[in-house]
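This report walks through one protein model, from its overall surface and fold to a handful of individual residues. Please keep the sequence and the structure in view while reading.

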Amino acid sequence: MKDIQSKAYAEVSVEVGEDNTAVAVGSGSLEVFGTPCMIALMEKATVNAVAPFLENDETTVGTQINVNHCKASAVGASITARAELSEVQGRKLVFDVSAVDDKGDVIGEGRIERFVVFAERFMSKLS
């Protein structure tokens with residue numbers, strides 16, 4: 001692993017559609033952006049933030065998620081998740097994450113922890 005820059009960050013966006021609503025993913029009964037989909041978007045941002053610093057067979061796995069989903073988003077809204085690396089403790093990476101809608105309103109925020117692993121070794125432990 002290369003020396004990871006403090007405050008490394010990434011942003012990713014998605015449009016709320018029928019396939020990422022709470023109804024579609026089974027996390028609720030309303031046609032709004034599903035919480036699991038917001039979390040997945042945040043995780044994608046964390047992965048992208050550190051991807052340039054990983055070498056060879058390294059990847060990251062999620063180990064802890066603590067986020068609030070504080071505002072609903074209707075079908076058609078554009079959502080952008082941002083992840084900023086706030087702590088590096090050896091192979092443990094801690095990110096501050098947020099998601100905002102196209103009006104600039106924060107719809108979610110929190111922290112996600114990931115751990116750097118060697119993909120082949122990690123997968124071999126599952127056999």
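Predicted model: local features only at pLDDT ≥ 70, side-chain atom pairs only at ≥ 80, totals over all residues.

## Surface and basis of the model

Residues are numbered from 1 along each chain as its sequence is written, and side-chain values use heavy atoms, with hydrogens and water left out.

## Fold and overall dimensions

The protein has 3 helices and 5 strands, these elements being DSSP runs numbered from the N terminus (helices are H or I, at least four residues; strands are E, at least two). In sequence order they follow the pattern β-α-α-β-β-β-β-α. The radius of gyration is 16 Å, close to the 14 Å that the globule rule gives for 127 residues, so the protein is as compact as a globular protein of that length; the radius is taken over C-alpha atoms, and the rule is 2.2 Å times the number of residues to the power 0.38.

Along its principal axes, the C-alpha trace spans about 40 × 35 × 20 Å. Among contacts with a separation of 6 or more, 65% are between residues 24 or more positions apart, a contact meaning heavy atoms within 4.5 Å.

## Burial, charge and the nonpolar core

Buried residues make up 35% of the 127 residues, where buried means under 20% relative accessible area, exposed means over 50%, and partly exposed lies in between (1.4 Å probe, protein chains only). The protein carries 12 positive and 19 negative side chains, and the centres of the two sets lie 6 Å apart. In this count Lys and Arg are positive and Asp and Glu negative, with His and the chain ends not counted, and the place of a charge is taken as NZ of Lys, CZ of Arg, CG of Asp or CD of Glu.

The largest nonpolar core has 29 residues, of which F33, M42, I79 and F95 touch the most other members; such a core is a set of buried Ala, Val, Leu, Ile, Met, Phe, Trp, Tyr and Cys residues joined through side-chain atoms within 4.5 Å. The elements that give two or more residues to this core are β1 (9-15), α2 (35-50), β3 (78-89), β4 (92-101) and β5 (106-118), and the largest share, 8 residues, comes from α2. Beyond its neighbours within four places in sequence, M42 is in contact with V67, A81, A83, V97, S98, A99, G108, E109 and I112.

I107 lies in strand β5 and counts as buried, at 0% relative accessibility. Its contacts, leaving aside neighbours within four places in sequence, are F33, M38, N68, H69, C70, K71, S73, I79, A99, V100 and D101.

F118 is also placed in strand β5, but counts as partly exposed, at 29% relative accessibility. Residues up to four places away in sequence not being counted, F118 touches D57, E58 and R91, while the C-alpha atoms of F118 and T46, 72 residues apart in sequence, are 17 Å apart in space.

T21, in the loop between β1 and α1, counts as buried at 0% relative accessibility. Apart from neighbours within four places in sequence, T21 is in contact with L30, E31, V32, F33, G34 and V75. In the loop between α1 (22-25) and α2, G28 counts as partly exposed at 39% relative accessibility, and G28 touches A22 and V23 when residues up to four places away in sequence are not counted.

N56 is found in the loop between α2 and β2 (58-69) and is exposed, with a relative accessible area of 84%. Phi of N56 is near 50°, a positive value in a residue other than glycine. Most residues other than glycine have a negative phi.
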